[in-house]
Amino acid sequence: MLEAYRQHVAEREAEGIPPLPMDAEQTAKLVELIKNPPAGEADFVLDLFVNRVPPGVDEASYVKASFLADVAAEKTKVEMISPVKATFLLGTMLGGYNVLPLIELLDSANTDVAEEAVKALSKTLLVYDAYHDVVEKSKTNDYAMQVLKSWAEAEWFLSKPKMPEQITVSVFKVEGETNTDDLSPATAAWSRPDIPLHAKEMLKSRMDDVDGTIASLEAKGHPVAYVGDVVGTGSSRKSAMNSVMWFFGNDIPYVPNKRQGGVVLGGKIAPIFFNTAEDSGSLPIECDVEKLNTGDVITIHPYEGKITNEAGETVSTFELAPDTMPDEVRAGGRVPLIIGRGLTDKSREALGLEPSDVFIRPTDKSQAAHGYTLAQKMVGKACGIEGVRPGMYCEPRMTTVGSQDTTGAMTRDEMKELACLGFSADLVMQSFCHTAAYPKPVDIKLQHSLPDFITSRGGVALRPGDGVIHSWLNRLLLPDTVGTGGDSHTRFPIGISFPAGSGLVAFGATLGVMPLNMPESVLVRFKGEMQPGITLRDLVNAIPYQAIQDGHLTVEKKGKKNIFNGRVLEIEGLEHLKAEQAFELSDASAERSANGCVVKLGEEPIIEYLKSNMALIDWMVENGYQDARTLLRRRDEMQAWIDNPKLLESDPDADYAAVIEIDLNTIKEPIVACPNDPDDVKLMSEVQNTKIDEVFIGSCMTNIGHYRAAGKVLEQMGNVPTRLWIAPPTKMDERQLIEEGYYSIYGKVGARTEMPGCSLCMGNQARVADGATVFSTSTRNFPNRLGNGANVYLGSAELAAVCSVLGRIPTVQEYMDAVAMLDTMTGEVYRYLQFDEMADYKVESPKNLSDIGVAVAS
Ligand code: SF4
């Protein structure tokens, strides 16, 4: 085993990265080697066991904790590890499988062991329900009382150094915008759980020799800070932050292949990226970075809010936000701070003490007397209060949490680190949409192992080939509730979601709440009548178009203005939309860098949607989807809402950071996003006749209506000279389109149909040709996302179909002529999947919770 491991170390060393952490099998072998160490290998074996096994609830940590528990309890005797040392080592495992053994060791007759267990538990935060065991034991066991008092005194926090007054760093600057694909390319998504390996991809498409540049900066003797004009756009990828921290953070004792801390400075830092940085113990600061250049040595004065150069001159100023940042940095991140602060509060309460004053407590600074917006009311409801003001810290209840496959492995690892053995969020769902069509061996492995991990904790696992996460997750939602998801397009059409990095998603799923600093809102109000030939996708693009006219948005990255950045986009004036249509609007709020989005809808379309979704749930349970209890509970909650439907509404005097009015009467031609920026929107006539090489109709931005509309256009116009890709969002859409004969049209005109899922949108599977000019219905057109050097226009499926036949963007007249017939067949074309009315999804005797052994109150 050691020989094989050394070979692995050498292979990884050749790539400039550390070996992988120990798995369960290797850890079990290490245990045997510790019992009988080969000559001269004792130190090496012990070092591997102590430092290279992941903590939490990993299978390897289970093996490690069980062995240490036996040694500490003197059930097993080994030369190398004394009972006290075994207890100490249990204390380095952060939570999970080490907690119960440590609590048992408080009863040890060996007082040195019991005292060591006190020290270990005092610094352990991930104890969850085991907290009650300590409280109970403290009534009769003095060591347990010492643990409780230590938690109450926040020794876990006070024993760590405060955030420094001054932080001197060397600057590593990336000019312009760095988006999620620059930091964590989709093409290397498979390597994301292997942090050091994946980090090698960081900024590869942007510059040469990233490692060499950072190494030369490190040689100056200071830590290196990541600096950028616009940082982390579009990112829900914890992997992006993991890579940044791999280069700019610090090792974590006893945790292999992971780092934390570091400094990120950005003119604008995308909200999810900012939160992920906070959660990971990094110090993210939004400030003017104009005067900072690679190689500069600067000193950050976080409390004073300024940055000085080597001459002592102030080169930038900032306001440290949120207020709790010094505590977050001290605690090693926002997540440990929240969990630890909660543990301290509970312990003080149990001891009859006042709340601790050692923490900076989040405060509601707003003196506002005006009403609440719809989003503020939804979040308020999830916190058990009427509304939440912008800037206020809160922890809304997470009703629905989504996880997709390319971030799923990292989310799973974060859940393990949080010692999660069951979800507290009502419904957690895992999809396999990003990797199903063209899986790598590593994806197949995940597709086999992740469903069990999720369902054994009470979550719902989809299957490869089912389709795009959002098209499914949206169908499991409850009105006016709050959720999150490890995909930046988790943007609920009913209720509200705050998409997050995988660390925070794991937190939301595990603890059932999520930390949130309530953002301000921007209201977009539509009025007037939709004009002929105009689609919802044109309204999606009308939002940035109008914002540019109103001076709220600029396309230029330097000094970029974006009113939506980090705020909630609230949309009114389209109450008649179906939920499927509303999602097209909310989904695209990701491209605005908005933190969340709500669409005001009428009661009728919501009831219709829920009825359809209840039928789908029955069909899922009938077809063996797990966890059946979670699914049936959700179905029953939907019925309960239908029985007493009540929708929240914004107050008339609610306050918004801006109100953008869009008059539908003035939109008379399609609006498209131009290469390669979703904000760079133009009227179609401004780019007419641009040659198009490839066309993609797919992604979560589409629903069945788009495929019928495109089918009708293709049927009318004939063969396509371009390469046309068609990938419906779910297998239900695909099946229906086949039954209605649309696949025969696609086949006849020469289109290439793909497995339902993300397909080209993700860019990690099939790709367009290098340098191709593409017209796509997908969400975003960041450089290189769909193909290397591709120039991508984004717009409606109807326009995409016309482009695919003409091989160019049409003139307004050509477009109007091509889509005119759709106006006469609206009812047939734009008809959504109403599962409760479809024979294929009818379940004769739907199951109830009581049928599967769940006790239900009468
Ligand atoms: S279709 Fe595209 S935007 Fe939507 S979930 Fe998949 S990769 Fe993300």
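How many Å separate the centres of domain 1 and domain 5, taken over C-alpha atoms? The answer is 53 Å. This is a predicted model, in which local features need pLDDT of at least 70, side-chain atom pairs count only at pLDDT 80 or more, and totals for chains, interfaces and linings use all residues. Residues are numbered from 1 along each chain as its sequence is written. Here's a quick tour.

**Domains**

- The chain splits into domain 1 (2-152), domain 2 (167-331), domain 3 (396-514), domain 4 (521-602 + 648-662) and domain 5 (671-810). Those bounds come from an automatic or database domain assignment.

**The annotated cysteines**

- The UniProt annotation "binding site", from an unreviewed entry, covers Cys 700, Cys 758 and Cys 761. They span 62 residues in sequence, yet no two of their C-alpha atoms are more than 8.8 Å apart, so they gather at one spot. UniProt positions are given in the numbering used here, feature names are shortened, and annotations may be inferred rather than shown by experiment.
- Cys 700 sits in the loop between strand 23 and helix 27. Helices (H or I, at least four residues) and strands (E, at least two) are DSSP runs, numbered from the N terminus.
- Cys 700 counts as buried, with 29 other C-beta atoms within 10 Å. For the record, a residue is buried if 20 or more other C-beta atoms lie within 10 Å of its own, exposed if 12 or fewer, and partly exposed in between, with C-beta atoms placed from the backbone.
- Setting aside neighbours within four places in sequence, the contacts of Cys 700 are Val 468, His 470, Ser 471, His 489, Asp 587, Pro 729 and Thr 779. Two residues are in contact if their C-beta atoms, placed from the backbone, lie within 7 Å.
- Cys 758 belongs to the loop between strand 25 and strand 26 (773-776), and is buried too, with 34 other C-beta atoms within 10 Å.
- Not counting residues up to four places away in sequence, Cys 758 touches Cys 433, His 434, Val 468 and Ser 699.

- Strand 23 (residues 694-698) pairs with strand 24 in the parallel sense, over five bridges. Pairing here takes at least two bridges found by DSSP between the strands.
- In that pair, Gly 698 faces Ala 727 of strand 24.
- Strand 23, helix 27 (residues 704-717) and strand 24 build a right-handed β-α-β unit. Right-handed means that, with the strands pointing away from the viewer, the path from the first strand over the helix to the second runs clockwise.
- Strand 24 (residues 723-727) is mostly covered, with four of its five residues buried.
- Strand 24 also runs parallel to strand 25 (residues 752-753), joined by two bridges, and Ile 726 stands opposite Thr 753 there.

- An open sheet of four strands takes the order 19-18-17-20, with parallel pairing. Its edge strands are strand 19 (596-599) and strand 20 (658-663), each pairing on one side only.
- On average, neighbouring strands of this sheet are turned by 20 degrees against each other, direction ignored. Axes are lines fitted to C-alpha atoms, for helices over the stretch in contact, and angles run from 0 to 180 degrees between N-to-C directions.
- Strand 17 (residues 521-527) runs parallel to strand 20 and is joined to it by six bridges, with Leu 523 opposite Val 659.
- Helix 23 (residues 536-549) packs on the sheet, touching strand 17 and strand 20, and its direction makes about 125 degrees with that of strand 20.

- Gln 626 and Asp 627 are joined by a cis peptide bond, omega about 0 degrees. Asp 627 is in the loop between helix 25 (603-622) and helix 26 (628-643).
- Another cis bond runs from Pro 675 to Asn 676, with omega near -20 degrees. Asn 676 is in the loop between strand 21 (671-673) and strand 22 (681-683).
- Ala 154, in the loop between helix 9 (142-152) and helix 10 (155-158), has a positive phi near 60 degrees despite not being glycine. Ala 154 is buried, with 21 other C-beta atoms within 10 Å.
- Ser 699, in the loop between strand 23 and helix 27, has a positive phi near 90 degrees, again in a residue other than glycine. Its 26 C-beta neighbours inside 10 Å make Ser 699 buried.
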